[in-house]
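Here's a quick tour of how this protein is packed inside. Have the viewer open as you read.

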Amino acid sequence: MEPVVVILLSCVLLGSVVGILAGMLGIGGGLIIVPVLSYLLVHLLGMTTETVMPVAIATSLSTIVFTSMSSAYAHYRLGNIQKNIVLYTGMGIAVGAIIGAQIASHISGELLKDIFAVLVILIAAQMIFGKQKQSDNQASRAVLSCVGSGTGIISALMGIGGGALLVPALVWFRVNARAAIGCAAFCGLVIAIFGTSSFVIAGWNAPDVPAYSLGYVYLPAAAGIIATSMITANIGAKLGQKVNVRILKAMLACLLVLVSIRMILGIE
């Protein structure tokens with residue numbers, strides 16, 4: 001079987017898993033997509049670390065464009081999107097996503113891999129030990145823009161929607177939890193659109209990018225993930241009402257830490 005077909009079918013399965021976990025736990029699929037897709041591209045297409053990380057991250061971001069649309073619309077209908085928060089955070093995120101994608105496209109693949117792994121460990125620690133605390137200061141326009149910029153840069157570097165970063169940050173600055181989640185859902189779409197566009201431009205004439213790519217976005221993988229993740233996210237949301245999400249979150253966080261350590265050590 002052709003490698004591209006194997007990758008497509010593998011990503012159909014990957015999308016199913018990512019959709020369920022995203023719907024159940026509210027985590028960004030990029031935390032799972034990037035390491036799994038990196039492994040597939042290295043072992044099936046013979047890509048090197050130098051090129052595989054930006055391709056995996058860009059492809060992950062491209063899938064979030066579609067999955068975040070339904071999430072953002074659902075939160076809009078629920079009234080969880082506050083215009084002033086979304087406006088200033090969204091502007092910061094758009095700028096940050098462009099900058100983050102450009103940074104990821106111009107640093108070495110080894111460094112990008114290590115940055116991704118370390119940030120995943122920090123997010124996993126937040127998932128296990130983090131508590132929703134608040135500062136004494138409310139979020140001003142400048143604060144919202146800065147929070148958005150930081151979230152956009154890190155999210156574009158990791159290929160994630162940014163909810164794991166943005167929600168705790170907004171809650172810290174005394175934004176209502178529901179409004180923070182609604183804002184994160186909408187801003188995930190902003191990150192994905194601007195980050196993906198920046199990756200497409202940066203990788204347009206890049207060497208060693210595989211066939212069937214649009215810039216750094218590997219289309220067969222993106223298509224496979226999108227095809228199933230949009231369906232299984234609804235299943236995951238329903239399952240989340242019936243299972244102990246806290247335990248599942250801790251288990252997933254431990255798995256992410258192990259995967260990250262493996263990436264840092266370079267174990268194939």
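## Ground rules

This is a predicted model, where local features need pLDDT of at least 70, side-chain atom pairs count only at pLDDT 80 or more, and totals for chains, interfaces and linings use all residues. Residues are numbered from 1 along each chain as its sequence is written, and side-chain values use heavy atoms, with hydrogens and water left out.

## The core

Start with the largest nonpolar core, which has 65 residues. A nonpolar core here is a set of buried Ala, Val, Leu, Ile, Met, Phe, Trp, Tyr and Cys residues joined through side-chain atoms within 4.5 Å; buried means under 20% relative accessible area, with exposed over 50% and partly exposed in between (1.4 Å probe, protein chains only). Leu41, Met158, Leu166, Leu170 and Phe199 have the most contacts inside this core. Its largest share, 11 residues, comes from helix α8 (residues 177-202). Helices are DSSP runs of H or I, at least four residues, numbered from the N terminus.

Now click on Leu170. Setting aside neighbours within four places in sequence, Leu170 is in contact (heavy atoms within 4.5 Å) with Ile85, Thr89, Leu144, Val147, Val175, Ala180 and Cys183.

## α3 against α8

Helix α3 (residues 49-77) packs with α8 at an angle of about 145 degrees, and their axes are 7 Å apart. Axes are lines fitted to C-alpha atoms over the stretch in contact, and angles run from 0 to 180 degrees between N-to-C directions. The crossing is left-handed, that is, the near helix is turned anticlockwise from the far one by less than a right angle (clockwise would be right-handed).

From α3, the residues that meet α8 include Pro54, Leu61, Val65 and His75. On the α8 side, Ile181, Phe186, Gly188 and Phe199 are among them. The contact divides into 16 nonpolar, 8 polar and no charged residues. Ala, Val, Leu, Ile, Met, Phe, Trp, Tyr, Cys and Pro count as nonpolar, Asp, Glu, Lys and Arg as charged, and the others, Gly among them, as polar.

## α4 against α6

Helix α4 (residues 83-106) and helix α6 (residues 141-158) pack at about 35 degrees, with axes 6 Å apart. Here the crossing is right-handed. By class, this contact has 12 nonpolar, 10 polar and 1 charged residues.

## Two buried residues

Ser60 lies in α3 and counts as buried because its relative accessibility is 0%. Beyond its neighbours within four places in sequence, Ser60 touches Gly30, Ile33, Val34 and Gly159.

Val171 sits in helix α7 (residues 163-172). At 6% relative accessibility, Val171 is buried too.
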